[in-house]
Amino acid sequence: MLPQKARQNRRVVITGIGPIAPAGLGIDAIWNALLEGRSTVGPCATFDAAGFPCPFVAQLPADRFDVKQVVPKSYRKATKVMARDIELAVGAAYEAVRAAGLITKAHEPADGKTTIPVDRMGCHIGAGLIAAEENELTSALATSRKPDGSFDIAAWGATGMQNLTPLWMLKYLPNMLACHVTICHDCQGPSNTITCGEASALLSVGESMRVIGRGAADACLSGGAESKVNLMAILRQHFAGRLAKASTSDDPTKVVRPFASNAIGGVPGEGGGILVLEAAESAQARGAAALAELAGFGASQSFCPDTIGADPSRDGEGISDAMQAALDDAGMKADQIDAVVPYGCGAPALDAAEASAIRRVFGDRAAKLPLITIAPVTGSCGAGFGAVAASVAVQCLRTGMLPARINGDDSQGVDAGPVAARKADVKSILVCTPSLGGQNAAIVLRRLA
Amino acid sequence: MSEPRIVVTGIGWVTGLGHSIDSVWKRLLNADSGMEPTTRFDARTFPTSFAAEVKKDFDFRGFVKDPAVHASAGLNSQFALGAASQAWKQSGLDVKPPKDPRRVGLYLGAGEGVLDFDNYVATMLHAWDAAGAKVDGLKWAAEGLKRMDRLREIEQEPNMPLAHLAREFNARGPAYNCLTACAASTQAIGEAFSILRRGDADVMIGGGTHTMIHPLGVTGFNRLTALSERKGDPTEASRPFSVDRGGFVMGEGSGIVILETLEHAMHRGATPLAEVKGYGSSCDAYRITDIQPEGRGAAVAMLEALRQAGIDPHARDAQGRPPIQYISAHGTGTKENDSIETRAVKRVFGDLAKDIPMSSIKSMMGHLIAAAGAVEFITCVLAIRDGMVPPTRNLKNPDPDLDLDYVPNVARKVPVDVCLSNNFGFGGQNDALVVTRFTP
């Protein structure tokens, strides 16, 4: 058990969730897909991905999400400098604020009044390594070529670079997710951008929890977003051993098989989510209905035999450290947890590490403790994944339902086999995400009485 | 229960001025510049063709226990390993490692890694369908899979320096990387401090590492017109607070500090180099490119750091000095930053602002982007240690609108007990740290 020494904690609750995933923006669309076990994995609509070992993606189609609809009219121009990842975060924040019933600057209130004072509103968003939009950059690069077709850096430096819009780089700075969100909603409190791969969203949620806990803000927009559906991201995920090798003739909805003996890897996805975290006293004072309590948070670093964490240590020790730290932080025992949302991306090595961690923390209960596996439906959206997972966990606590599970099995001694959606009296859920690079973050969410 | 005190027990840096604490410090006090023509790529035709690069005599393999473990390390990871190894050694933790690795955490502000530019561009151009004005996915995948290197790609993830340091020092506690542009490593040290104060770790490895001296990095900043395009002697290009300042000059490298609870440091008999007393963080929520013109957010961050440190910005200390004896400025040398930072400091300290020496080491070391805050924090630790304040180089033509004491051109001998280190990032993040002399 990790000792926790000093404490200065205000209770933190979740008053709004704004997940975004290929099924759509908002919990309803995503929840319905999960209840039905309806996978959104398929061929790529924006470019031909069939040349990659994993030819499938999970993509949010344009007819389900238009960023222009989720920013104030006065801010529509700024959507031109938003990379896909930024669009997803801005959409998620809009939905979270709506769901929490907050009035922010985005609503252009006539009296200028916002629900939370602007200097008491923080923002912590996990982000990935944002890829430059290939067509935009390449059309500029193509202006600087030698007669043999190869790139001419002298021409680029002298004139070619002027084919890029002056603000080009700002589309791709990871902190631009938080930057646009804080501008839209006028969050002037502490703000940060965590870039630890798949652990980013929950690390951000944890940091918001601490910031509110120590009184530096009363509420935070917190979560993460990333799109892995682009050429560079797919290549890097493939190199990291995270993606399935499949054929275009395979059934895409059956590719991602978390914890299964026949698991072959994950699928690139896009999405994330923003949660409104709020001091319990702030939510109470404004009469807001809290959806769940954020009862505990823990973070850890795994020992990575290959240093970079592409090949994780199968013992899952670092992952269980984060889980245990979150339980300790919540003042709870493992047997008080009713369900777990793992990362469960379907990559065999990482699944094995997660299963080991779950068995270590939950002992004999591991085989019966329901896992909520999301990746077969949503794909893997990197820095955003933890926020989708946390939103789904909140929805389970609210509805007393567990979603369906597809494609997995029980071969690793954890409860991951196919099952339909069902009623369940879940009071507390643990969510944990391990990252490439070995960072782990876990939270405990608790149903409010 | 009172909050634990947090001390600095190790510092290390790798910069364009060298890669040992004392050699770099000596050069800063000498007002030496690290700027030279760019060598990391052929920048001769770029609007900016100079930078303060880490020199070729830096080899991270001389700093680490087993270089084979770090074979994949990109530049950011190499710089971080060099800086962190110095800090770790100075702290004494190399001789007597912490008992429980789960009580050793990391919080870095590391930038994204360097793009494999040649292979990236070749792949893009190979797959470019000019008629359709788009990249052909099939062609791209075939070429990319063939050309690009697995480890080099993975190493570009911004959390890779974290992974290397965790491995080198067997750190298994809370581990974070934040990337809030030029404020990142100040924020990282501030959050590491907050984690220690809460009791979630005993030791934190904090700081940052970054290079953007690569074709698309320079392209991006040139397009934003943020870089100095001054012709002539590169050592004169970075001109913070000068009337003829025209943008920043890129540096690269890493600054890493070891922070720990005083209790932990004392228990193992370590020597505190300084104490961290306050951390403030705010967001402008203003515009994606511009700083809030009144310096509102910057002032909020400074005030919060001072409040935590129990310092009244308007009261002189017992010796009649201003409450802060040195400010390590963000001082990038852009028109906008230097004006607004000056305004914000005046807003915070009122009439006392003019009495506080405030300099920018970016005039010599360049702007280390995500790593800037960490090397500037280390500068504060050294100013306290030696009672010396580094100068702002190239300040020969003062800006009549900027009227603080920027320590022009020559280092100054002055007793320093309390410092403020400021950094502000594109995107509106403002972070400030108060670091003081350690007194038991």
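This is a predicted model: local features need pLDDT of at least 70, side-chain atom pairs count only at pLDDT 80 or more; totals for chains, interfaces and linings use all residues.
For chain A, the pLDDT averages 96, and 98% of the residues reach 70 or more. Residues 1–7 of chain A have a pLDDT below 50. In the model, this stretch has 18 contacts beyond near neighbours in sequence.

In chain B, helix 7 (residues 184–198) and helix 13 (residues 372–386) approach each other, their axes coming within 5 Å and crossing at roughly 65 degrees. The contact is made by Ala184(B), Ser185(B), Thr186(B) and Ile189(B) from helix 7 of chain B, and by Ala372(B), Gly373(B), Ala374(B) and Phe377(B) from helix 13 of chain B. Classified by residue type, this contact contains five nonpolar residues, three polar residues and no charged residues.

Thr307(A) counts as buried because 25 C-beta neighbours lie inside 10 Å, where the cut-off for burial is 20 or more.

Asn409(B) belongs to the chain B loop between strand 13 (388–389) and strand 14 (412–413). Asn409(B) has 14 C-beta neighbours inside 10 Å and therefore counts as partly exposed, a class that falls between the limits of 12 or fewer for exposed residues and 20 or more for buried ones.

Key. Residues are numbered from 1 along each chain as its sequence is written. Chains are lettered from A and ligands numbered from 1 in the order in which they are written. Helices (H or I, at least four residues) and strands (E, at least two) are DSSP runs, numbered from the N terminus. pLDDT is the predictor's confidence in each residue, from 0 to 100. Two residues are in contact if their C-beta atoms, placed from the backbone, lie within 7 Å. Axes are lines fitted to C-alpha atoms, for helices over the stretch in contact, and angles run from 0 to 180 degrees between N-to-C directions. Ala, Val, Leu, Ile, Met, Phe, Trp, Tyr, Cys and Pro count as nonpolar, Asp, Glu, Lys and Arg as charged, and the others, Gly among them, as polar.
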